[in-house]
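Thanks for asking me to look this one over.

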Amino acid sequence: MTHPTILYFLLLLLSLSSGQRSSCDRCDLHFSCNCSFGGFTHVAAVTDRALTLDLSFNNITIVTQDDLTGHRRLRALKLNGNRIAGIHRSAFDSLWSLEELDLSDNRLTALNHKWFKELGALQDLNLLNNPYSCLGSSAVFPGMVRLRKLSFGGPDLKELKRGDLSGVTQLLELTVNANNLTRYESGALAYIWPLGRVTLSLHGPFLTNSALASAVLADVSYPETPIALEDLHLIGNQSVLPFREMAKRRVRFLSLRNLVMSDEAFIDFLVVMDGVPLSVFSVDGVTLTGEGRWEPARWTDQKSIDEFFIRNVELLDVFDFVKQLSMLFLLRYPRKVSVINAKVMVTPCISSRLLVNMHYMDLSDNLLTDLTLQETLCYGDGTLKDLRVLNFSGNALKSLSTVSQLVAKLSKLTHLDISRTGYSSMPQGCSWPSTLRYLNISRAKLTTVTTCLPITLEVLDLSNNDLKSFPLLLPALRELHLSGNKFLQLPPGLLLPNLQTLTIQSNTLNMFGRSDLQSYRRLQSLQAGQNKFVCSCDFVEFFQIGIKDIDVLLTDRETESYVCDSPLYLQGEEVGQVRFSVAECHRVLFVSVSCGVALCLTVLVCVLLWRIHAVWYLKMTWSWLKAKRSSQRRRQRHRDGESEALLSFDAFVSYSERDASWVENFLVPELEEPRENDVNLRNQRPLTLCLHKRDFLPGHWIVDNIMGAMEHSRRTVFVLSENFVQSDWCRYELDFSHFWLFDGKDAGDAAILILLEPLSRDDIPKRFCKLRKLMSSTTYLEWPQEEERTGEFWRSLRRALRGDPEEDD
């Protein structure tokens with residue numbers, strides 16, 4: 001067994017002894033599983049539907065044969081930043097759809113070509129910063145015809161042999177970390193064609209061996225291939241010699257990063273590149289040593305440079321660079337120049353006059369002031385007459401009036417960036433070039449805007465100031481950026497008739513509505529998240545439903561930035577998820593409908609109560625309760641031996657007014673008047689009847705009279721007829737008797753029923769259930785239609801009223 005194989009099995013045994021695999025459930029709706037920084041010691045189990053699996057920065061030491069089985073849909077796998085020292089030869093065999101694989105920053109001491117044999121769809125492979133010294137004894141990347149981005153190498157890479165990259169036919173991007181490369185076979189990188197962008201890290205002994213460095217640069221240098229060289233130390237003539245191969249290949253795009261360079265080496269570099277059609281020259285992160293004497297290189301031909309970019313300049317001996325600006329001869333020909341964070345305090349006017357071809361100038365993050373800016377732009381001169389784009393952001397500028405006067409003479413200027421400056425106020429009037437279309441004054445200290453702003457603007461960025469309103473008319477403005485201010489509402493749309501894009505995030509905006517957006521005639525995109533929204537019913541309804549009827553797209557709606565700030569119980573809730581009840585959102589309507597329904601119900605109940613005489617029933621019940629207590633006291637006195645003097649009547653007669661003639665002409669005379677000619681009645685006292693016409697007390701409520709009459713009567717006589725049943729008042733008396741007469745056990749003895757005409761039990765209202773029951777269980781008297789039977793009727797009635805079992809002779 002080879003050494004890597006033995007190491008793999010040792011790690012496998014260690015992994016098996018550590019326990020079973022744990023799972024990761026951090027997968028989103030797009031089947032992207034982010035399991036980074038999870039502390040996993042082995043490949044975590046995820047759903048087999050995952051498309052992206054990120055296991056970076058864990059403690060994984062080995063990838064076994066079964067860890068990734070079944071993940072045929074996986075497109076991207078990130079295992080960088082672990083401790084992987086062993087990978088089974090068939091660990092990736094099931095990943096047929098894999099397009100991106102990152103194994104960087106691990107502990108792989110050797111690469112195995114069997115890992116990649118089934119990865120025919122792989123497009124991006126990163127093997128950087130692993131401790132392997134070579135790519136392997138045989139070709140590592142056979143059959144990877146779709147590979148477009150390849151990164152390999154590290155501090156331990158010592159050699160590259162011809163054939164190491166066979167199988168890789170073309171790349172869009174190649175990154176090689178070869179700081180400590182000691183052996184290189186010419187042609188090792190030449191297999192790759194066509195070759196896109198190349199990034200080489202060439203620090204350490206690499207450049208000291210000019211033959212080795214020249215061979216590498218020769219294999220990757222093509223006129224249309226951008227080359228980026230990192231971690232260079234160009235000190236002395238010897239270090240510049242490898243660039244001769246690049247010069248021979250007529251390289252057009254060159255970037256130097258993290259560069260340490262002396263002025264002598266820079267002169268030698270320009271000499272080597274003399275006449276080379278270099279169109280883009282970029283230096284990012286450079287430490288300069290020496291005195292800055294560039295004069296010996298003035299005679300070199302650098303006319304082909306179209307873009308010059310330099311950023312993050314550090315001068316070790318700043319006071320020794322007495323002629324640091326003499327290198328401006330390089331800027332005579334470029335049309336695009338960027339000198340960023342280079343501690344530039346001033347560019348002498350005599351040097352600025354050299355910039356005759358300048359279309360784009362970026363002097364951001366330097367030490368320019370209002371005073372030195374005048375010198376740089378040569379106020380009053382015709383310098384920079386072709387300048388289109390100017391960037392002064394991140395400088396110590398304080399007067400907006402000054403910069404407007406200085407750029408007013410730039411007759412072709414369209415873009416001006418003066419952001420991240422110290423502007424705190426804006427004058428009422430300013431001079432601007434009529435061609436100015438894009439203005440950026442973001443991250444300043446402005447509190448108000450005035451008519452100083454040119455009306456020709458199409459794009460205006462005022463983000464991250466202290467603005468509260470925008471009352472300006474800018475008819476040509478298409479984009480307005482106001483994020484990070486203190487706006488309480490959207491700016492008036494009538495002042496911005498052509499506005500298409502508005503960003504007003506991170507303000508104090510409470511809400512916006514249909515009328516606000518409809519005031520903009522052409523608004524298409526709005527970003528208004530991260531504000532202090534008051535989640536009222538109108539705003540929430542408009543945000544969720546109403547905005548769909550307006551042709552305005554909330555481009556930041558899906559970023560969960562629309563969150564309620566008030567009311568307090570909704571604080572932190574997403575506006576799109578808020579749900580209100582009808583009572584909360586339509587309070588007036590809800591109260592009106594509720595009151596209307598309540599009123600209707602009240603009217604309906606009142607009508608119903610009136611129809612069923614509920615008020616009368618309540619009063620009757622109350623009177624019945626009082627009468628019942630009075631009756632109980634009377635009965636108690638009777639049990640105590642007191643007389644029944646309180647019983648003033650033998651019977652209370654209940655009848656209909658339509659039957660009054662029968663009561664007055666027959667009943668009363670027969671029972672109350674003495675009959676001297678009748679031997680049977682001669683010794684009996686006349687009966688006393690209670691009639692409402694003559695015995696009810698005037699001025700008292702009728703119910704009280706009825707109660708008094710029943711309380712002072714031994715019996716109650718109901719004269720039943722069709723008239724009685726149809727009479728409302730007779731129904732009242734029946735209802736009252738329903739409570740009074742039939743509450744006790746002797747209810748049948750207290751009531752006497754007289755039927756003046758045939759009347760069935762069904763003719764009695766159903767609600768008088770006890771009376772109906774009484775008619776079915778108690779014998780009642782019927783007024784005879786034959787005159788010869790009237791005597792028997794009267795005798796039976798008298799006997800019932802007196803309570804005698806049979807009439808006395």
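1. Let's start with Arg250, which sits in the loop between α3 (243–248) and β14 (253–262). Helices here are DSSP runs of H or I with at least four residues, and strands are runs of E with at least two, numbered from the N terminus. Arg250 has a positive phi of about 60° although it is not a glycine. Its relative accessible area is 42%, so Arg250 is partly exposed (buried means under 20%, exposed over 50%, partly exposed in between, with a 1.4 Å probe and protein chains only).

2. A word on the source: this is a predicted model, in which local features need pLDDT of at least 70 and side-chain atom pairs count only at pLDDT 80 or more, while totals for chains, interfaces and linings use all residues. Residues are numbered from 1 along each chain as its sequence is written, and side-chain values use heavy atoms, leaving out hydrogens and water.

3. Gln530 belongs to the loop between β25 (525–527) and β26 (533–534), and at 48% relative accessibility it counts as partly exposed. For background, most residues other than glycine have a negative phi, and most peptide bonds are trans.

4. On to the peptide bonds. Trp193 and Pro194 are joined by a cis bond, with omega about 0°; Pro194 lies in the loop between β11 (183–184) and β12 (195–201). The bond from Ser566 to Pro567 is cis as well, with omega near 0°, and Pro567 is in the loop between β28 (564–566) and α10 (582–585).

5. How do helices α6 and α7 pack? Helix α6 (residues 370–377) meets helix α7 (residues 400–407) at about 0°, with the axes 10 Å apart. That makes α6 roughly parallel to α7 (angles under 35 degrees count as roughly parallel). Asp370, Leu373, Gln374 and Leu377 of α6 make the contact with Thr402, Val403, Leu406 and Val407 of α7, where contact means heavy atoms within 4.5 Å.

6. The largest nonpolar core has 172 residues, and Phe92, Phe141, Phe152, Leu229, Phe470 and Phe512 touch the most other members (a core is a set of buried Ala, Val, Leu, Ile, Met, Phe, Trp, Tyr and Cys residues joined through side-chain atoms within 4.5 Å). Helix α4 (residues 263–272) gives the largest share of this core, 6 residues. Apart from it lies another core, of 23 residues, including Trp662 and Phe793.

Conventions. Axes are lines fitted to C-alpha atoms, for helices over the stretch in contact, and angles run from 0 to 180 degrees between N-to-C directions. Angles under 35 degrees count as roughly parallel, over 145 as roughly antiparallel, 65 to 115 as roughly perpendicular and the rest as oblique.
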